[in-house]
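Colleague: I am new to this structure. Please take one part of the strand pairing and go through it closely.

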Amino acid sequence: MKIMPKVVVLRLGHRPQHDRRLSTHVGLTARALGADGLILADVGDKRVEETLHKVVRNWGGDFFVHTRVPWRRAVKEWRSNGGIVVHLTMHGDPVDGIVPKIRGKDVLVVVGAEKVPREIYGLADFNVAIGNQPHSEVSALAIFLDRFFGGSELKKKFPGAKLAIPQRCQRLNCSPQADHHHRAKRFRAAPRNIRQKGE
Ligand SMILES: C[S@@+](CC[C@H](N)C(=O)[O-])C[C@H]1O[C@@H](n2cnc3c(N)ncnc32)[C@H](O)[C@@H]1O
């Protein structure tokens, strides 16, 4: 029985000189919000790969990073394995109308950098807009994943982590009862509360 749909993010148009930080953030967002992996289309970027691999080593889970994959091949293979392709674009259809049609399916989520090849509009099963204003691939991806998983992605477990936020610290930081002064102190203290597992 299939438990969770597979979700992979395909990043188009990465330019190592310009997009390194943003593509890394696309990967971090994908991982933290429930996706299984990131494909960096057509180019390689060791720094993006290394940063994401390091986060996976420290914070757990199974997130993969593939680079230099020709984007048409990624789309074709995904579809031939029965998955659907969702292209995030401000020119698409509103996300709230699309999510009920695709929930539970394996989804390749395509996000662009500066410009995307026109062809992707025709190859995608759905062109999906997160509002019709231009913003960012990171914000578009985050909102899409949250709508797709219906919020459950925030409870995802990341097995094998070397680092973790202690339960007590999580509770204190989230406590609506904590007064402003205490909350501020606790937020300042938070980084020191991140401990190696087993300490
Ligand atoms: C800097 S934007 C590029 C904007 C570009 N002019 C366009 O036509 O989408 C980079 C990526 O962010 C995503 N994006 C930006 N705004 C979006 C929106 N309102 N809805 C969905 N995706 C969006 C798209 O994947 C886009 O390729």
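Modeller: Arg68 is found in strand E3, where strands are DSSP runs of E with at least two residues, helices are runs of H or I with at least four, and both are numbered from the N terminus. This is a predicted model, in which local features need pLDDT of at least 70, side-chain atom pairs count only at pLDDT 80 or more, and totals for chains, interfaces and linings use all residues. Residues are numbered from 1 along each chain as its sequence is written.

Arg68 is not a glycine, yet its phi is positive, about 60 degrees. Most residues other than glycine have a negative phi. Arg68 counts as exposed because it has 11 C-beta neighbours inside 10 Å; a residue is exposed with 12 or fewer other C-beta atoms within 10 Å of its own, buried with 20 or more, and partly exposed in between, with C-beta atoms placed from the backbone.

Strand E3 (residues 64-69) pairs with strand E2 (residues 37-41) in the parallel sense, over 5 bridges; two strands pair if DSSP finds at least two bridges between them. Val69 in E3 is the bridge partner of Ala41. From E2 the chain passes through helix H2 (residues 46-59) to E3, a right-handed β-α-β crossover: with the strands pointing away from the viewer, the path from the first strand over the helix to the second runs clockwise.

The loop between E2 and H2 holds Asp42. Asp42 also has a positive phi without being a glycine, about 70 degrees. Asp42 counts as partly exposed, because it has 17 C-beta neighbours inside 10 Å.
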